[in-house]
Amino acid sequence: MSKQFTTEELVGRWEDYQEIVNLMGRRSFYNLWKLEDKVWEELWCKKAPDPCLGFNDGYYKGYEAIEGWFKATKELGLLKARVAKKNHPELADKTDEELYGVGSLTPDNLTTPLVYIAEDGQTAKGMWYALAHITDYTEAGPTTIHQWGWIAVDFVKEDGAWKIWHLLDTPEIKHVAGKKWYGGYEPKPVDPAYAEIGEFDFPKPNVPMKVNELLNAKRPGKPNPLAPRPYDTFANTFSYGI
């Protein structure tokens with residue numbers, strides 16, 4: 001970066017950095033407590049063009065597609081509550097909403113923060129290595145999955161507050177606890193008592209593509225996604241969206 005900032009500007013940029021770190025920490029908190037609605041309502045932009053939510057198999061591009069992902073996540077959580085109630089009679093007197101998130105523990109530990117605020121102060125880029133140890137109901141019944149990978153984000157300042165604009169969540173290690181971690185994901189066998197969880201019609205990315213893949217012997221040996229670097233304005237940097 002070539003621009004020289006005044007002391008007042010440097011203080012403002014430090015405050016921007018701290019707000020972004022807190023935003024991502026709040027996202028982890030909401031995900032852990034199954035408050036995904038708040039992630040969408042509070043933390044995502046609502047005005048910037050072409051927002052994107054990306055995973056290894058493609059992108060949900062546009063506000064409608066991203067909101068649909070969050071709504072489907074909520075519906076799947078309610079289905080898991082109903083399945084849990086069927087398999088645990090002691091929960092029969094609870095409503096689906098009361099049981100939402102039952103049996104789920106999804107800590108998303110963000111490490112190695114790398115954050116740059118654009119010189120113009122209107123956007124920012126960040127990358128974290130995420131260590132997720134997920135315990136949840138799946139079509140195989142209660143299952144623990146270890147998932148490690150990169151979360152890379154473009155942020156935009158909207159109405160004076162930082163918001164998520166493009167978010168790319170790309171696991172490179174994903175395995176059921178006790179199974180091999182290298183070479184691809186190997187699921188547990190389906191348990192008929194929980195099979196309907198796997199039958200849930202979760203919307204696929206509206207822009208399907210191979211963004212990244214799990215570690216294997218044939219995976220290209222180059223960084224993906226790219227790490228952010230200092231930049232002046234978003235037009236002069238790359239995007240974590242499409």
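In what order do the seven strands of the open sheet stand? I looked this up in a predicted model, and the order I read is S3-S4-S5-S6-S1-S2-S7, with mixed pairing.

**Entry 1: sheet edges**

I next checked the ends of the sheet. S3 and strand S7 (207–208) are the edge strands, and each has a single partner strand, so one side of each is left without a neighbour in the sheet.

**Entry 2**

Strand S3 covers residues 108–117 and strand S4 covers residues 123–138; the two run antiparallel and are joined by eight bridges.

I then moved on to S5, residues 141–158. S4 pairs with S5 over 16 bridges, again in the antiparallel sense. Here I noted His-133, which has His-146 of S5 as its bridge partner.

**Entry 3: H1 on the sheet**

Which strands does H1 touch where it packs on the sheet? I listed S3, S4, S5 and strand S6 (161–176). The direction of H1 makes about 155 degrees with that of S3.

**Entry 4: H1 against H2**

I compared helix H1 (residues 7–32) with helix H2 (residues 36–43). Their axes come within 7 Å and cross at roughly 155 degrees. Angles over 145 degrees count as roughly antiparallel, and H1 and H2 are therefore roughly antiparallel to each other. I recorded the crossing of H1 past H2 as right-handed.

On the H1 side, the contact is made by Leu-23, Arg-26, Arg-27, Tyr-30 and Asn-31. On the H2 side I listed Glu-36, Lys-38, Val-39, Glu-42 and Leu-43. Sorted by class, this contact of H1 with H2 has five charged, four nonpolar and one polar residue.

**Entry 5: H2 against H3**

How do the axes of H2 and H3 cross, and within what distance do they come? For helix H3 (residues 63–87) I read a crossing with H2 at roughly 155 degrees, with the axes coming within 9 Å. That makes H2 roughly antiparallel to H3.

H2 contributes Glu-36, Asp-37, Val-39 and Trp-40 to this contact. From H3 I listed Tyr-63, Ile-66, Glu-67, Phe-70, Thr-73 and Lys-74. The residues of the contact of H2 with H3 divide into five nonpolar, four charged and one polar.

Methods
Residues are numbered from 1 along each chain as its sequence is written. This is a predicted model: local features need pLDDT of at least 70, side-chain atom pairs count only at pLDDT 80 or more; totals for chains, interfaces and linings use all residues. Side-chain values use heavy atoms; hydrogens and water are left out. Two strands pair if DSSP finds at least two bridges between them. Helices (H or I, at least four residues) and strands (E, at least two) are DSSP runs, numbered from the N terminus. Axes are lines fitted to C-alpha atoms, for helices over the stretch in contact, and angles run from 0 to 180 degrees between N-to-C directions. Angles under 35 degrees count as roughly parallel, over 145 as roughly antiparallel, 65 to 115 as roughly perpendicular and the rest as oblique. A crossing is left-handed if the near helix is turned anticlockwise from the far one by less than a right angle, and right-handed if clockwise. Contact means heavy atoms within 4.5 Å. Ala, Val, Leu, Ile, Met, Phe, Trp, Tyr, Cys and Pro count as nonpolar, Asp, Glu, Lys and Arg as charged, and the others, Gly among them, as polar.
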